[in-house]
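This briefing describes the ligand surroundings and the domain arrangement of the structure shown below. It is intended to be read alongside the sequence and the coordinates.

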Amino acid sequence: MTDPCAWEDLRMSRRLKIFDTTLRDGEQTPGVNLNIQEKLEIAGQLVRMGVDVIEAGFAIASPGDFEAVKAVSENIKGAAIASLCRAVEKDIDRAWEAVCKAERPRIHTFIATSDIHLKYKLKMSEQEVLERAAAMVAYSKKYCEDVEFSAEDASRTRPDFLYKIIEEVIKAGATVVNIPDTVGYSTPAEFGALIRGIRNNVSNIDKVDISVHCHNDLGLAVANTLAAMENGAVQLECTVNGLGERAGNASMEEIIMGVNTRKDFYNITHKIDTTQIYRTSKLVSSLTGVAVQPNKAIVGVNAFAHESGIHQHGVLAEKTTYEIMTPESIGLAQNRMVLGKLSGRHAFEERLKEMGYCSLSTEEIQKAFEKFKSLADKKKVVLDRDIEALIEEKASKIPEVFELDSFQINSGNKVVSTAMVSLIKEGNKVSEAATGDGPVDAAFNAIERCAGISLELEDYGLKAVTEGKDALGEVTVRVSREGQIFVGKGVSTDVIEASVKAYINAINRAVSELGEEELKRPASGVSEVL
Ligand SMILES: CC(=O)SCCNC(=O)CCNC(=O)[C@H](O)C(C)(C)COP(=O)(O)OP(=O)(O)OC[C@H]1O[C@@H](n2cnc3c(N)ncnc32)[C@H](O)[C@@H]1OP(=O)(O)O
Ligand SMILES: CC(C)C(=O)C(=O)O
Ligand SMILES: [Mg+2]
């Protein structure tokens, strides 16, 4: 349970400090490698965003990382700059060398404290770790006023030992004590209780800021961070887009928007400019090459998108029905209505208006909506260009003497293409089969046989009107009869269907202008009758 006193203290007297470790733990994301220029660019954006501390890297890790931490320290003003280092003198020397020119330098030294890490990794006793931690904090302190100590794997550490080591590093001069849930093992209630336990059992704890650093192995990094905050942690370590070792770290945007959106509950301040969130997320994603999952909270492409009709209707009436924060608050221009098969008439009509189709009659809208629904059944997302194509196809409508009922094509590299087409004329179905030089030619021949009309194909054009493998294709055919040209258009996700529709459209045009009698098919046809 939350300690009301700890929580009250935090609310009344402190604001959150955001420690961003995108450039250090974030860079531990497998496959991510940021060069100096990239680290500088991200660090600049983090300052614009208002973070309090930037952990720029692990200076002893490589000459490149040393130079990057140094460059960030020398060039980026407005936040404390930290370098991570083991509890080892040579690491601390190197960290200081890298951060010493920063406006506000910080040395961040750490050592593991859990039994598992002591036994198998460090091969040290608790007493040795205790002495090493205190000695290395004191050693860091010779260089730097601001020293952060992390008890790696704190959440799996014996609490009594954790209290003891924290007390000793504070005596040695630590200014910030960080409690990592290194392997993302903790749960919110347990992690909150751990922070409360530290506050209640470490006598000198009020001399330092308590920090937390949570990993996301069980998907609880942000929940654990917020639980720790409720129990007195004031520095929250996090990364943009939740990047980091394994399943990543607590995501900065989720923490901040959680605190902001539930101000009524947390009532705590920070100095992050949330309108920089989206831009920062994009920058980090493009420089690290790690894509943001579409349904990621806050910055995923779907975070402010609505596809289902009931939700779209609600949002159109009043955004707060389905939006708990505004897209503008994270620097995104607006929410997105995605038109798909689950969308409804309200959203479709709204999109038509936005696209400038304001003078369509109710009947025209209804017809367009029906076409949209059947297209949406075939296509994941219906784009503006799809709608344009549907409406324009509609606008160019002429009396449909012949309507498509069905078609079937048989085609391949070693068979003669054949087509079976059924057209409806005045309520009656007429079916014909024909062969041709390829599936389109066979289909055109079968259509002519159904209609009993013969036309010259002058030109055939196919273009994609939308993107993606499920793009709409628009076919335009130019046919002639006694020197007169008729143009037909058809749109479909299936190019043969688009071709068939275009040819029927051209025939209907010819019929409406010349009359059916004029177009009667001559005795000798071009197609072979099956
Ligand atoms: C939880 C975390 O995210 S911790 C940070 C993780 N990040 C990284 O490791 C990235 C940077 N790391 C590196 O570049 C390298 O690991 C270096 C430069 C730090 C060390 O490299 P190496 O000397 O080759 O050692 P290696 O990485 O193989 O092993 C780690 C050594 O440090 C020791 N060690 C690990 N953590 C600490 C610590 N906090 N304090 C003191 N010693 C430690 C290990 O016991 C091991 O010691 P050993 O060589 O005597 O067996
Ligand atoms: C070094 C510390 C802070 C760390 O990254 C962790 O424990 O996860
Ligand atoms: Mg970590």
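The model is a predicted one. The protein chain is divided into three parts, namely domain 1 (4–288), domain 2 (305–395) and domain 3 (402–519).

**Domain 1 and domain 2**

- The C-alpha centres of domain 1 and domain 2 are 44 Å apart.
- Seven residues from domain 1 and seven residues from domain 2 take part in the contact between them.
- About 560 Å² is buried between domain 1 and domain 2, and carbon and sulfur atoms give 70% of this area.
- On the domain 1 side, the residues that lose the most area to domain 2 are Met 257, Thr 261 and Tyr 278, which together account for 70% of what that side buries.

**Surroundings of ligand 1**

- Ligand 1 is surrounded by 15 residues, of which Gln 28, Arg 86, Ala 87, Phe 110 and Glu 152 are the closest.
- By class, this shell comprises eight nonpolar, two polar and five charged residues.
- Three elements, β3 (80–86), β4 (105–112) and α5 (115–122), each contribute at least two residues to the shell around ligand 1.

- A nitrogen atom of ligand 1 lies 2.7 Å from a backbone N or O atom of Phe 110.
- A backbone N or O atom of Ala 87 is 3.1 Å from a nitrogen atom of ligand 1.
- The side chain of Arg 24 places an N or O atom 3.3 Å from an oxygen atom of ligand 1.
- On its own, ligand 1 has 1000 Å² of accessible area, and the protein covers 53% of it.

**Surroundings of ligand 2**

- The residues around ligand 2 include Leu 84, Ser 150, Asn 178, Pro 180 and Thr 182, as well as His 108, His 213 and His 215.
- This shell consists of three nonpolar, six polar and three charged residues.
- At least two residues of the shell around ligand 2 come from each of β4, β5 (147–152) and β6 (176–181).

**Polar contacts and cover of ligand 2**

- An N or O atom in the side chain of Arg 24 is 2.9 Å from an oxygen atom of ligand 2.
- Asp 25 has a polar side-chain atom 3.0 Å from an oxygen atom of ligand 2.
- For His 215, a polar side-chain atom likewise lies 3.0 Å from an oxygen atom of ligand 2.
- Ligand 2 taken alone exposes 260 Å², of which the protein buries 94%.

- Strand β4 supplies at least two residues to the shell around ligand 1 and at least two to the shell around ligand 2.

Definitions and conventions: Residues are numbered from 1 along each chain as its sequence is written. Chains are lettered from A and ligands numbered from 1 in the order in which they are written. This is a predicted model: local features need pLDDT of at least 70, side-chain atom pairs count only at pLDDT 80 or more; totals for chains, interfaces and linings use all residues. Side-chain values use heavy atoms; hydrogens and water are left out. A residue is near a molecule or strand if one of its heavy atoms lies within 4 Å of it. A polar contact is a pair of N or O atoms within 3.5 Å; within protein, one must be able to donate a hydrogen and the other to accept it, and residues adjacent in sequence count only if both atoms are side-chain atoms. Accessible areas come from the Shrake-Rupley method with a 1.4 Å probe; for residues, only the protein chains shown count as cover. Helices (H or I, at least four residues) and strands (E, at least two) are DSSP runs, numbered from the N terminus. Ala, Val, Leu, Ile, Met, Phe, Trp, Tyr, Cys and Pro count as nonpolar, Asp, Glu, Lys and Arg as charged, and the others, Gly among them, as polar. Domain bounds come from an automatic or database domain assignment. Contact means heavy atoms within 4.5 Å. Buried area is the accessible area (1.4 Å probe) that two parts lose on being put together, summed over both.
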